[in-house]
Amino acid sequence: MSNHTDISYHPSHLNKSILPGQSTVEVDETGVSTENGPSNLSKSLSSMSGKHSRRGAVSKEIVDVDTIWKACAYGEFEVLVELVEQQTRQEKTKLNHTARDILDHKDDQGHTCLQWAALNNRVNIVSYLLEEGVAVDAQDPTGQTALHWAAVRGSLESVETLLRGGANPAIEDSKGYSVCHVAAQYGQASIIYHVYMKWGINTDMPDNDGRTPLHWACYKGFRDVAKLLIVMGADVMKMDTEDCTPLHWAAIKGHTDASMALLQGGAEDALESTDASGCTPSQLAIDKGHRGLGLNLAEYRYHRESRQRNSQSCSFLTRLHLAPVIWGIIISMLVLMTITVILPSRQDGSMFSTSFVGVSIGACVTYISAFIGLVFLYKTTVADPGFLPQNHLVQMRESNMMGKRCLEEGFGSTESSLDSPALWAGNWNQICVTCRIVRPLRAKHCATTDRCIECFDHFCPWVGNAVGKGNRHYFLLFLWIELLAIVASGVTVVVSLHRAIKASNKAGIGLSIIGPIFFVVFDMVLFISVAALAIAQASQVSRNVTTNELSNWHRYAYLRSEAHGDFTNPFDRGVQENCKEVCFPSLAPKPCYVLESSKKPSHGLGEKDTLME
Ligand SMILES: [Zn+2]
């Protein structure tokens, strides 16, 4: 059994968030509030504050904002100014205190006005305090500054105001937590993204126990934060002082989502790694009562080993999946038709000897369309289905040659590839931790090809490739042209068979019709399956929707209407334009990262331009 205990941390502000000096928040063993989570507190504070200002004097009595710290926490600007003026008048006579001195005072727990205002995102008060010249990096007894507190509830505007006001983002508290540690502990992905992109803050610094923000995000089960940190280049194999990687901590707490994000993000080696007590993540999960996750991790480890063995013997034929079967079926059908119908029809004296123009035309149409269909099948198999460029680090990891090519093609650094409207809008689900990129809408990571594919439709084992923006038109053409071959060959053989049976009235039915009958039966089976697929694909193309989107639309916010949450397709531009988009992928609109109609940044700070100036 592992002797792991939970990571403990007690940022003191967590115990008394409602009012300065008042302890009302339940905390769990880790010090993180439980039922009254930070976000709930935020709401209750806002609503109380709103009541206060709406109802004026009545609510003031209820809330009783009688100290400068409470005024900061509740965002009571006028009350704050009034209190400061009162105290300045009182204290000036004896101590010659200025407003700044008053505002620099700490409450009975040692917290500053700036911390209380920053915690509750009272931006106007934060600005006022900074203008008055308060110490922006003043630390409380735990060593935390206002910047740490602003990260707790994701008060992004306060973070930005503090940093512009000269706050030092490198300050760590007594446990070694930076602002990014605190943001990771509370699942505030937007804070981490903002300080990394705009202020270039290191998001992979260890605390006093060697734990990075990624350790914390995984321990707390914040999958989005973990994904963001991974894609920013956090070390997924980093060990803390207990030799635990982030995967060990995710396993200890039973967080499946975070564990999977780590494994997809390259932490597979951690499956084998043992902590100070000699346990792997799988063993730890089982020890801590997360049996399902423990078994999943063990299975993942087993499959990984077998994948590694197979990859060494992975041949060209394996990569083609079932494509050779389709080739075999089409060619066999052509041969069968030739031997049983076409050749006999040319022989004088046989039951098919009544050579007629119809059979010849049918045969020609069949051969030509089957051949063209095979060309499009080949093109579907070998074409790039719309692979999105992976992060150069992933490419170099997978293949030195590919990495070289990627660098030559100039696929950018992590920072530039992360500067995406999707992330500024808080759409963390567009992060692919495997490719380490932000993918546009409609793209998906294909599990079989292990790459992100633009406008992903589905992976088709019969063509041995994924179908996406780059080869969907080839796939559609293959289906419809082969369908024509199936119909033409079927009609040809049925007509021939009919003549043969008529002829047999004179000569008796011979064994030679067994072949054509077998052909017709098999042709019917093929017709039903290919026609169903061809019609479904054509219908989807005309509506500009993919198979993946139709099956999983409820997972994609851009496919759900805001009003009722039912299916809506923002990419439908009319049948003609939709077909043009698929048939001429090079002319299709550029992939978009956010919808025009939904450019509502979840950060609480206008557009990226506002953030980036
Ligand atoms: Zn991907």
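Biologist: Which residues in helix 7 (residues 123-132) are buried?

Modeller: This is a predicted model, so read every position as a prediction. In helix 7, the buried residues are Val-123, Ile-125, Val-126, Tyr-128 and Leu-129.

Biologist: How much of the protein chain do buried residues make up?

Modeller: The chain has 613 residues, and 42% of them are buried. Its secondary structure comes to 29 helices and 6 strands.

Biologist: Now packing. What describes two packed helices?

Modeller: Two values do: the angle between the axes and the distance between the axes. Take helix 11 (residues 189-199) and helix 13 (residues 223-231). They pack at an angle of about 20 degrees. Their axes are 9 Å apart.

Biologist: Are helix 11 and helix 13 roughly parallel or roughly antiparallel?

Modeller: Angles under 35 degrees count as roughly parallel. Helix 11 and helix 13 are therefore roughly parallel to each other. The crossing of helix 11 past helix 13 is right-handed.

Biologist: Which residues meet where helix 11 and helix 13 pack?

Modeller: Helix 11 brings Ala-189, Ile-192 and Tyr-193. Helix 13 answers with Asp-224, Val-225, Leu-228 and Leu-229. By class, the residues of this contact are 6 nonpolar, no polar and 1 charged.

Biologist: Next, a single residue. Where is Thr-338, and is Thr-338 buried or partly exposed?

Modeller: Thr-338 sits in helix 19 (residues 323-345). Count the other C-beta atoms within 10 Å: Thr-338 has 14. A residue needs 20 or more to be buried, and 12 or fewer to be exposed. Thr-338 is therefore partly exposed.

Biologist: How many residues apart in sequence are Thr-338 and Tyr-367, and what is their C-alpha to C-alpha separation in space?

Modeller: They are 29 residues apart in sequence. In space, the C-alpha atoms are 9.9 Å apart.

Biologist: What share of contacts in the chain join residues at least 24 apart?

Modeller: Start with contacts between residues at least 6 apart in sequence. Of these, 66% join residues at least 24 apart.

Biologist: Last, confidence. What is the mean pLDDT of the protein chain, and where does pLDDT stay under 50?

Modeller: The mean is 82, and 78% of residues reach 70 or more. One stretch under 50 is residues 348-353, with 15 contacts beyond four places in sequence. Residues 599-604 also stay under 50, and the model has 17 such contacts for them.

Note on methods: Residues numbered from 1 in each chain as written. Predicted model: local features only at pLDDT ≥ 70, side-chain atom pairs only at ≥ 80, totals over all residues. Axes fitted to C-alpha atoms, helices over the stretch in contact; angles between N-to-C directions. Helix = DSSP H or I, 4+ residues; strand = E, 2+ residues; numbered from the N terminus. Parallel < 35°, antiparallel > 145°, perpendicular 65-115°, else oblique. Left-handed = near helix turned anticlockwise from the far one by under 90°. Contact = placed C-beta atoms within 7 Å. Nonpolar A, V, L, I, M, F, W, Y, C, P; charged D, E, K, R; others polar. pLDDT = per-residue confidence, 0-100.
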